[in-house]
Amino acid sequence: PCIFGQGTYRYLVRPSTDKTLSCKYTINERSYSASLACKISAGKYAYYKVDGGSKRIIDAKIKYDLQIGDFYMKDGCIVSKNAVLSDVQKDACVGIVFQTDVSRIGDDIKKKISNPHGLVLAIKNTPGKEQLWGEPVVDLSGIVSPTVSPFTYSDNLSKMYNDITGYSKTEFCKQEITSGYQYNAFKNLEEHSKQYPVPTSFTTGWFIPSIGQWWDIFECLGGVGKLKEFHTSTLPSLELEQLYGDIAKDNVNAAIEKLGVRAEMIYGRSYWSSSEYKESEMEVVTGAAILYPGHSCYVDANSYMRFAGKAKNNVLCVRPILAF
């Protein structure tokens, strides 16, 4: 259980399934027990009162909606974004909820966990500062053997926005690592997972967000409504003026800074996504073949906000996410 208030505890249960919550407690040195039957819709809460071994539903109606900006704890509990966190809660927090719209949760995630609630942004980058994305001249889009690749090129804004399959892309690259390929950005997820372990039974674990999931971080948690204008755009990239980069950073950091020194702000840095932008290219110059690296998608909230492609042999930061 997660302490929610004086005498109040919160449990996270799988939605739309019949569950029995068993509990024991002590009043005036006498022990009691109770079993509470509950059925709760996805992303919602219901309140139950336990008193003298009997239960009474205070209000069967929905009392609380999962909100963008809520705090996600290492045991899977949720704490309201409006709560004043105790030191214990700050130490237990591993991320900030940035997406609660189930339609923006990829099918790859829904195959991993049934009835997902939302997506969570990690409170820190993966260790190692800036990192290479991976093999510069290995194109993952189009691979069909031995495993069908989940990659397709997100080479315009509409494709970027609709690319919400960071989990399957990350899992694919993990398999590539076991085959001897170098994918530094993905390899460092292992260390992050050790530092910030999360339940594996009802979360995906940490993965690198696709470019569409980065889009949601800036549009939803970052509060940049301007991005809605480009959901269907076929422009190859996007660069918004400094005003929007500042809005995104300020809003994301406003949520993160509540956690104090344990958290790492998003400053003027560029971040890799798990999405590919374009394939590698070969050019023959005076009889010699020159192979140019492929590009992966990245985001930037530095002086401007950018969604674009960058050669895989660049070094950028990585901020993982998870689904629950």
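These are legends for a handful of close-up views of a predicted model.

In this predicted model, local features need pLDDT of at least 70 and side-chain atom pairs count only at pLDDT 80 or more, while totals for chains, interfaces and linings use all residues. Residues are numbered from 1 along each chain as its sequence is written, and side-chain values use heavy atoms, with hydrogens and water left out.

**View 1. The whole chain, before zooming in.** The chain's secondary structure comes to eight helices and 19 strands. Both kinds of element are DSSP runs numbered from the N terminus: helices are H or I with at least four residues, and strands are E with at least two. Of the 324 residues in the chain, 47% are buried. Here, buried means under 20% relative accessible area, exposed means over 50%, and partly exposed is in between, using a 1.4 Å probe and protein chains only. Take the contacts with a separation of 6 or more: 65% of them come from residues 24 or more positions apart. A contact means heavy atoms within 4.5 Å.

**View 2. Helix 7 meets helix 8.** Here you see helix 7 (residues 211-221) packing on helix 8 (residues 242-256), at an angle of about 85 degrees and with the axes 8 Å apart. That makes helix 7 roughly perpendicular to helix 8. The axes are lines fitted to C-alpha atoms, for helices over the stretch in contact, and angles run from 0 to 180 degrees between N-to-C directions. Angles under 35 degrees count as roughly parallel, over 145 as roughly antiparallel, 65 to 115 as roughly perpendicular, and the rest as oblique. On the helix 7 side look for Ile217, Phe218 and Leu221, which meet Ala248, Asn251, Val252 and Ala255 of helix 8. The residues of this contact divide into six nonpolar, one polar and no charged.

**View 3. Helix 7 on its own.** How many of the eleven residues of helix 7 are buried? Ten of them are, and the helix is mostly covered. Among the buried ones are Trp214, Trp215, Asp216 and Glu219.

**View 4. Glu276 and its polar partners.** Glu276 sits in strand 13 (residues 270-278) and is buried, with a relative accessible area of 0%. Its side chain joins that of Ser141 in a polar contact of 2.8 Å. A polar atom of the Glu276 side chain also lies 3.0 Å from the backbone nitrogen of Leu140. A polar contact is a pair of N or O atoms within 3.5 Å; within protein, one must be able to donate a hydrogen and the other to accept it, and residues adjacent in sequence count only if both atoms are side-chain atoms.

**View 5. Gly166 and its surroundings.** Gly166 is found in helix 4 (residues 166-178), and at 0% relative accessibility it counts as buried. Gly166 and Pro209 are 43 residues apart in sequence, yet 4.8 Å apart in space, C-alpha to C-alpha. Leaving aside neighbours within four places in sequence, Gly166 is in contact with several residues, including Asp108, Phe207, Gln213 and Ser274.

View 6. Tyr181 lies in the loop between helix 4 and helix 5 (184-187). Is Tyr181 buried or partly exposed? Its relative accessible area is 36%, so it counts as partly exposed. Skipping neighbours within four places in sequence, Tyr181 is in contact with Glu135, Val138 and Glu176. Tyr181 and Glu135 are 46 residues apart in sequence and 7.0 Å apart in space, C-alpha to C-alpha.

**View 7. Asn115 and its phi.** Most residues other than glycine have a negative phi. Asn115 has a positive phi of about 50 degrees although it is not a glycine. You'll find Asn115 in the loop between helix 2 (107-112) and strand 10 (119-122), partly exposed at a relative accessible area of 40%.

**View 8. Gln89 in helix 1.** Gln89 has its place in helix 1 and is buried, with a relative accessible area of 15%. A polar atom of the Gln89 side chain lies 3.0 Å from the backbone nitrogen of Ser86.

Key:
Ala, Val, Leu, Ile, Met, Phe, Trp, Tyr, Cys and Pro count as nonpolar, Asp, Glu, Lys and Arg as charged, and the others, Gly among them, as polar.
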